[in-house]
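Let's take a quick tour of this protein, from its overall build to what sits inside. Have a look at the model first.

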Amino acid sequence: MIIAAIDIGSNAARLLINEVKVRDGKTEFVKLNLLRIPLRLGMDVFTMGKIGDERRNMVMESMKIFSDLMKIYKVEHYRACATSAMRDAANGREIIEKVKQNSGIEIEIISGDEEASLIYENHAEEGLDKSFAYLYIDVGGGSTELTFYENDEMLYEKSFNIGTIRLLNDLVTDENWRDMKEEIRKNINSKKPIVAIGSGGNINKIFSMSKTKDGKPMAASYLKKVYKEFSGKSVEELITEYKLRQDRADVLTHALNIYNNVMTWAEITRIYVPKISVADGLIHNIYEKVAGRK
């Protein structure tokens, strides 16, 4: 079975195509292709309240490319979801209708809580030590999703309008941070030690830079060290010294700031980075529905 997931975020749009195989009763997800296009919708939406003409055209062209790729791979099932930027865009619904007419792709605008649930669909905690509680942290351009899990049960999920593109444009207030801190202190509690599970392109990049072995956690102290190091450098210096793309270099420090705050307020000292995403969660969600498990 060939399944595709489209995730249209505030920083980038991604198309993930997987083949799902069942062998000896075990379900295996094999990645066939992953295409990322840095649309940066949040740069328009969070400053102007809508998606401008240039980025609107980029959305149209990107979705045509995604549609053609899905045809080439003979995709049988797909789901396309848009998150924070499209949620907030005054012309989001109009653009979604145009995309449907131009490419045939039907885009759903999902809530922040559903976005958090999709991250949880990856069930990354299943292979980890049950003597810990786990906090999923997904940092995007427009929002941060938190999902708290303990004893095979999701206890808490919430989306906060604190994201890297919003921070880049100085659109996150002290009150936003205060609300997040209060929510974490009130709801992320356990008698067990709490460990973080990070997702998103920024934490994946930091993980690869850390040289940490796959399956091993990064220390919170390392994130704080890198944040301090990056904070003293310009975007141009980050691009040159760390071989970063422009659209990664200008948000990476902001992402680290979010991770550091969340982990400090939740008193977390370690974070696993299993390289999961909303798109991966969508793939799992689609398969579960097709297989009749939901």
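Buried residues account for 51% of the 294 residues in the protein chain. Keep in mind that this is a predicted model.

As for charge, you'll find 43 positive and 44 negative side chains, and the centres of the two sets sit 4 Å apart.

Now the overall build. The protein chain is put together from 12 helices and 11 strands, and its C-alpha trace spans about 50 × 50 × 35 Å along the principal axes. Its radius of gyration is 19 Å, which agrees with a compact globule, because 294 residues packed that way would come out near 19 Å. If you take the contacts between residues at least 6 apart in sequence, 68% of them join residues at least 24 apart.

On to the inside. Nonpolar side chains tend to be buried together in soluble globular proteins.

| Core | Residues in core | Some members |
|---|---|---|
| Largest | 41 residues | Leu135, Ile137, Leu223, Ile271 |

The four names given for the largest core are the residues with the most contacts inside it. Helix α11 (residues 246–265) provides the largest share of this core, at nine residues.

Which residues does Leu223 touch, leaving aside its neighbours within four places in sequence? Its partners are Ile203, Ile206, Met218, Leu256, Tyr259, Asn260, Met263 and Ile271.

Technical notes:
Residues are numbered from 1 along each chain as its sequence is written. This is a predicted model: local features need pLDDT of at least 70, side-chain atom pairs count only at pLDDT 80 or more; totals for chains, interfaces and linings use all residues. Side-chain values use heavy atoms; hydrogens and water are left out. Helices (H or I, at least four residues) and strands (E, at least two) are DSSP runs, numbered from the N terminus. The radius of gyration is taken over C-alpha atoms; the globule rule is 2.2 Å times the number of residues to the power 0.38. Buried means under 20% relative accessible area, exposed over 50%, partly exposed in between (1.4 Å probe, protein chains only). Contact means heavy atoms within 4.5 Å. Lys and Arg count as positive and Asp and Glu as negative; His and the chain ends are not counted. The place of a charge is taken as NZ of Lys, CZ of Arg, CG of Asp or CD of Glu. A nonpolar core is a set of buried Ala, Val, Leu, Ile, Met, Phe, Trp, Tyr and Cys residues joined through side-chain atoms within 4.5 Å.
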